[in-house]
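Work through the exercises below with the sequence and the 3D view open. Try each task before reading its solution.

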Amino acid sequence: MLITETNLSSPDDFYEALIETHRDLTNEQSQELNAALILLLANHLGDVALLREALQQARASVVNT
């Protein structure tokens, strides 16, 4: 089951690191970075059912707004 509540020990630190990672990149580079990050984390999780659930929830969050 996908964890949807905050599960980071320090969410603000993660957000700061994420923003810093994108600093000074073009829009295209940021999109490529996001894709690379998604693939790295998906590989780390390794559970296709969980990843499908995450994909569905992520899509719903932008389609149903």
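Helices here are DSSP runs of at least four residues, numbered from the N terminus. The model is predicted.

**Exercise 1. Decide whether serine 30 is buried or exposed, and find its side-chain partner.**

Solution. 
- Step 1: locate the residue. Serine 30 belongs to helix α2.
- Step 2: apply the cut-off. Buried means under 20% relative accessible area. Serine 30 has 15%, so it is buried.
- Step 3: look for the partner. The side chain of serine 30 makes a polar contact of 3.0 Å with the side chain of histidine 22.

**Exercise 2. Describe the fold of the protein chain and judge how spread out it is.**

Solution. 
- Step 1: count the elements. The protein chain has three helices and zero strands.
- Step 2: read their order. Along the sequence the pattern is α-α-α.
- Step 3: compare with the globule rule. For 65 residues the rule gives 11 Å, while the radius of gyration of the protein chain is 13 Å, well over that value, so the chain is more spread out than a compact globule.
- Step 4: take the extents. The C-alpha trace spans about 35 × 30 × 30 Å along its principal axes.
- Step 5: Of the 65 residues, 6% count as buried. The accessible surface comes to about 6,000 Å², and carbon and sulfur atoms account for 55% of it.

**Exercise 3. Characterise the largest pocket: its volume, its lining and the helices that supply the lining.**

Solution. 
- Step 1: take the volume. The largest pocket holds about 1,100 Å³ of space.
- Step 2: list the lining. There are 22 lining residues, and Leu2, Leu41, Leu45, Leu51 and Ala54 lie nearest the centre of the pocket.
- Step 3: assign helices. α1 (11-22), α2 (27-45) and α3 (48-63) each supply at least two lining residues. α2 gives the most, with seven.
- Step 4: sort by class. The lining has 17 nonpolar, four polar and one charged residues.

Terms used
Residues are numbered from 1 along each chain as its sequence is written. This is a predicted model: local features need pLDDT of at least 70, side-chain atom pairs count only at pLDDT 80 or more; totals for chains, interfaces and linings use all residues. Side-chain values use heavy atoms; hydrogens and water are left out. On a 1 Å grid over the protein atoms alone, a cavity is a set of points where a 1.4 Å probe fits but cannot get out, and a pocket is an open set with protein on both sides within 12 Å along at least five of seven lines; lining residues have an atom within 4 Å of a point. Grid points are joined across faces, edges and corners, and a volume is the space filled by probe spheres set on the points. Ala, Val, Leu, Ile, Met, Phe, Trp, Tyr, Cys and Pro count as nonpolar, Asp, Glu, Lys and Arg as charged, and the others, Gly among them, as polar. The radius of gyration is taken over C-alpha atoms; the globule rule is 2.2 Å times the number of residues to the power 0.38. Buried means under 20% relative accessible area, exposed over 50%, partly exposed in between (1.4 Å probe, protein chains only). Accessible areas come from the Shrake-Rupley method with a 1.4 Å probe; for residues, only the protein chains shown count as cover. A polar contact is a pair of N or O atoms within 3.5 Å; within protein, one must be able to donate a hydrogen and the other to accept it, and residues adjacent in sequence count only if both atoms are side-chain atoms.
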